[in-house]
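Dear colleague,

Please find below the structure I wished to hand over to you, together with its sequence. My findings follow it.

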2 protein chains.
Amino acid sequence: MNAVTSNREMMMTLGQAARIAARELARAPSVQKDEALRAMAAKIRRSAADIASENRRDLENARARELKPSFVDRLTLDGVRIEALARGLEDIAALPDPVGAVMAHWTRPNGLDFSRVRVPIGVIGIIYESRPNVTADAGGLCMKSGNAAILRGGSDSFHSSAAIVACLQRGLDVAGLPRTAVQMVPTADRDCVGLMLEGLGGALDLIVPRGGRSLVSRVQSEARVPVFSHLEGICHVYVDKAADTDMACRIVLNSKMRRTGICGAAETILVDRAGAERHLRQVIRALIDAGCEVRGDVHAMAADPRVKPASEEDWSTEYLDAVVAVKVVDGVGEAIDHITRYGSQHTDSIVTEDRAAAERFLAELDSAIVLHNASTQFADGGEFGFGAEIGIATGKLHARGPVGLEQLTTFKYQVRGTGQVRP
Amino acid sequence: MNAVTSNREMMMTLGQAARIAARELARAPSVQKDEALRAMAAKIRRSAADIASENRRDLENARARELKPSFVDRLTLDGVRIEALARGLEDIAALPDPVGAVMAHWTRPNGLDFSRVRVPIGVIGIIYESRPNVTADAGGLCMKSGNAAILRGGSDSFHSSAAIVACLQRGLDVAGLPRTAVQMVPTADRDCVGLMLEGLGGALDLIVPRGGRSLVSRVQSEARVPVFSHLEGICHVYVDKAADTDMACRIVLNSKMRRTGICGAAETILVDRAGAERHLRQVIRALIDAGCEVRGDVHAMAADPRVKPASEEDWSTEYLDAVVAVKVVDGVGEAIDHITRYGSQHTDSIVTEDRAAAERFLAELDSAIVLHNASTQFADGGEFGFGAEIGIATGKLHARGPVGLEQLTTFKYQVRGTGQVRP
């Protein structure tokens with residue numbers, strides 16, 4: 001039996017065990033799931049030294065391989081970060097359980113009583129990079145929403161993730177839930193990702209990739225099961241002619257610079273030609289003064305000599321850095337056209353005091369999140385009031401925007417009758 | 001330029017045109033869409049002779065190819081059926097428009113105002129067999145829900161479908177909507193299906209297959225875009241020990257025999273061992289007396305000498321005919337286990353006067369539709385009150401159960417602020 005065959009068999013076994021656990025988890029009452037989450041948190045706190053020690057093994061390997069400092073930083077688990085893992089699980093325990101909620105209820109003239117009831121999706125595969133914190137977050141969110149999770153983190157975080165999963169499984173034990181409700185792929189072999197993308201013989205209902213563009217792109221193009229993901233967030237702020245200049249500067253600055261590395265950070269600023277006289281120079285100055293490189297069209301370059309020329313490529317670039325593209329457009333119509341052409345249907349904002357322009361922008365733009373007079377950095381499940389999120393989805397179906405507990409559920413129809421047959 | 005290249009270019013052009021039309025359609029008010037639907041219906045009535053004449057071309061080809069009488073029947077459009085096409089479009093016009101509905105609305109402590117608003121999905125591809133009526137139904141449902149449609153019907157109905165699409169496009173014209181909102185693949189070349197399954201370079205958001213197992217199976221396994229479909233409906237009726245015998249016989253009979261060829265028809269009857277004495281013989285007799293062949297386990301065979309032996313294969317067979325499998329199980333728990341193992345997560349019903357048993361069945365069974373004391377043949381969008389449906393989906397995500405107008409929409413978040421930035 002070679003390694004490939006044995007990995008396939010091992011992964012199929014994992015999938016079958018997850019499916020069985022999912023049936024049990026779907027029936028588990030909220031109190032039992034919350035008890036498991038709190039027991040997971042307690043076990044993580046008690047095991048802080050072990051987790052840190054396993055994390056050091058990963059860090060030594062990472063340093064030996066001379067991986068980038070930013071990579072090593074994301075991989076590192078110190079006492080504060082281990083406490084944050086535990087706290088995160090307790091936060092999930094405190095969220096309302098979406099399972100069992102009646103989403104709609106109606107009666108038909110023949111007396112049949114219909115309920116649309118929230119139920120778990122089933123088995124969710126999480127494929128992520130070497131960020132051990134995702135192990136706890138994703139495992140906790142899947143479990144609370146009644147789904148079994150199969151976790152496959154980056155191979156460089158293998159030992160850290162294994163130590164965390166051991167705590168999650170101990171928490172499941174304590175609450176009398178199956179350990180197989182949260183499983184980790186027990187090898188760093190890369191072909192296991194391919195097996196997950198194939199769906200584990202029908203055992204996987206959904207895959208959520210968490211990581212950079214190359215990971216998400218591979219999952220999107222190869223997965224044979226549904227995927228919740230976004231490839232990139234090319235988010236726009238459009239400053240309309242009727243914008244308040246101060247507000248425009250504040251929103252542009254926050255959208256771009258609050259955190260430049262998140263998917264909801266703005267990448268292109270569009271300024272209405274009819275208001276450019278008032279807004280363009282101010283917006284650009286605010287950005288450059290805050291340390292942002294500005295690449296602009298001829299109008300932006302004319303407004304400030306520090307603006308560098310933008311190329312066609314800049315309009316569709318997700319910088320994830322202190323760089324922004326600035327362009328003048330002819331009103332809300334051309335702004336919508338530009339965003340439709342170059343955007344990624346993630347998050348886009350209009351700044352204006354003109355209600356009609358705002359409503360047109362909110363209505364016509366086909367993005368998961370459209371905002372009026374607010375920063376694009378509100379594109380976050382916590383800011384929506386969803387509690388913890390597993391990511392942001394830009395696909396059209398099922399989950400669009402922040403993916404929290406509710407988005408990790410589906411529904412079924414329960415129909416109650418008194419002997420009705422169809423004529 | 002060979003035929004394959006030219007089909008690819010033609011299909012890409014179709015996709016791009018659909019995407020442009022979809023943007024316009026997404027903004028179209030309900031009255032305009034309803035005007036188009038009524039104009040489509042009027043044009044179909046006025047063109048009845050032309051449609052019938054084009055249909056005769058298809059029928060002549062079908063007879064020349066010696067296709068099955070049932071196939072030819074489904075292909076046939078007489079005056080009554082052409083009137084039904086027109087009436088169907090008028091019925092869709094009378095349904096409420098799902099687009100623009102506010103599904104949820106809340107405010108956050110920072111004053112941000114969130115709305116989750118229903119929007120069209122975008123461009124929907126319909127791949128179907130040689131049933132010309134699907135052309136009008138699917139085109140009308142997609143258009144009303146604000147989606148552009150690309151229709152690819154079976155090649156044997158090519159002329160009939162083309163005549164119907166001409167009427168639909170005339171209706172769009174009359175209402176001032178783009179003709180490209182409903183397009184038909186203008187060739188019967190089979191490679192066009194493959195191009196649709198690839199997604200037309202990102203232009204297609206969704207594919208809905210309508211037809212038999214081989215068509216749906218191909219679409220499910222090859223599509224690179226989301227699919228709403230069901231491969232089969234292996235629906236069950238479980239007769240619990242606490243069932244009313246008369247009701248059980250009535251529901252079993254209706255579930256199996258009202259129409260045997262629909263996906264919501266029952267294929268397996270499970271009888272509780274503890275109630276078998278009272279129910280088994282009666283249920284079997286009712287079925288056989290109605291002309292149904294019964295294949296059963298040893299208990300069913302012992303109950304009636306006319307019962308034939310069931311093989312393992314029978315438990316997972318969708319007969320779509322007057323044949324049924326009957327098995328004795330140990331209570332609701334074993335019924336759930338059997339259905340979970342052999343079913344297709346479509347529609348399953350329990351007959352019982354025991355509320356606890358019913359609620360367990362409704363809660364634990366992971367099927368799109370679960371019923372208590374009602375026929376499985378209620379698995380139908382019309383019976384749910386959804387109006388017309390484009391099909392039934394057994395996938396877990398987005399649309400589950402009947403796919404009507406609402407299920408052909410998605411949503412976006414509109415966030416209204418007063419200058420909020422994120423701390």
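Across which strands does helix α9 of chain B lie? In this predicted model, helix α9, residues 213-222 of chain B, lies across β3 and β6 of that chain. The helix runs at about 160 degrees to β6(B).

Those strands belong to an open sheet in chain B, made up of 4 strands in the order β5-β4-β3-β6 with parallel pairing. At its edges are β5 (182-184) and β6 (206-210) of chain B, each of which pairs on one side only. On average, and with direction ignored, neighbouring strands of the sheet are turned by 20 degrees against each other. Within the sheet, β3 (residues 123-128) and β4 (residues 148-152) of chain B run parallel and are joined by 5 bridges. In this region B:I127 stands opposite B:R152 of β4(B). A further helix, α6 (residues 132-144) of chain B, lies across β3, β4, β5 and β6 of chain B; its direction is at about 160 degrees to β4(B).

I turn next to the contact between the chains. Chain A and chain B each contribute 48 residues to it. On the side of chain A that touches chain B, the elements giving two or more residues are α10 (245-257), α14 (355-364), β13 (369-374), α15 (381-384) and β16 (409-420) of chain A. The largest share of that side, 11 residues, comes from β16(A). By class, the residues on this side of chain A comprise 20 nonpolar, 16 polar and 12 charged.

Strand pairing also links the two chains: β13(A) and β16 (residues 409-420) of chain B run parallel and are joined by 5 bridges. A:A374 stands opposite B:Q420 in β16(B).

Finally, a helix pair in chain A may interest you. The axes of α3 (residues 48-64) and α7 (residues 158-174) of chain A come within 7 Å and cross at roughly 160 degrees. Angles over 145 degrees count as roughly antiparallel, and α3(A) and α7(A) are therefore roughly antiparallel to each other. The crossing of α3(A) past α7(A) is right-handed. From α3(A), the contact is made by A:D50, A:I51, A:E54, A:N55, A:R57 and A:D58; from α7(A), A:F158, A:H159, A:S160, A:A162, A:A163 and A:I164 take part. Sorted by class, the contact of α3(A) with α7(A) has 5 nonpolar, 3 polar and 4 charged residues.

With kind regards

Methods
Residues are numbered from 1 along each chain as its sequence is written. Chains are lettered from A and ligands numbered from 1 in the order in which they are written. This is a predicted model: local features need pLDDT of at least 70, side-chain atom pairs count only at pLDDT 80 or more; totals for chains, interfaces and linings use all residues. Two strands pair if DSSP finds at least two bridges between them. Axes are lines fitted to C-alpha atoms, for helices over the stretch in contact, and angles run from 0 to 180 degrees between N-to-C directions. Two residues are in contact if their C-beta atoms, placed from the backbone, lie within 7 Å. Ala, Val, Leu, Ile, Met, Phe, Trp, Tyr, Cys and Pro count as nonpolar, Asp, Glu, Lys and Arg as charged, and the others, Gly among them, as polar. Angles under 35 degrees count as roughly parallel, over 145 as roughly antiparallel, 65 to 115 as roughly perpendicular and the rest as oblique. A crossing is left-handed if the near helix is turned anticlockwise from the far one by less than a right angle, and right-handed if clockwise.
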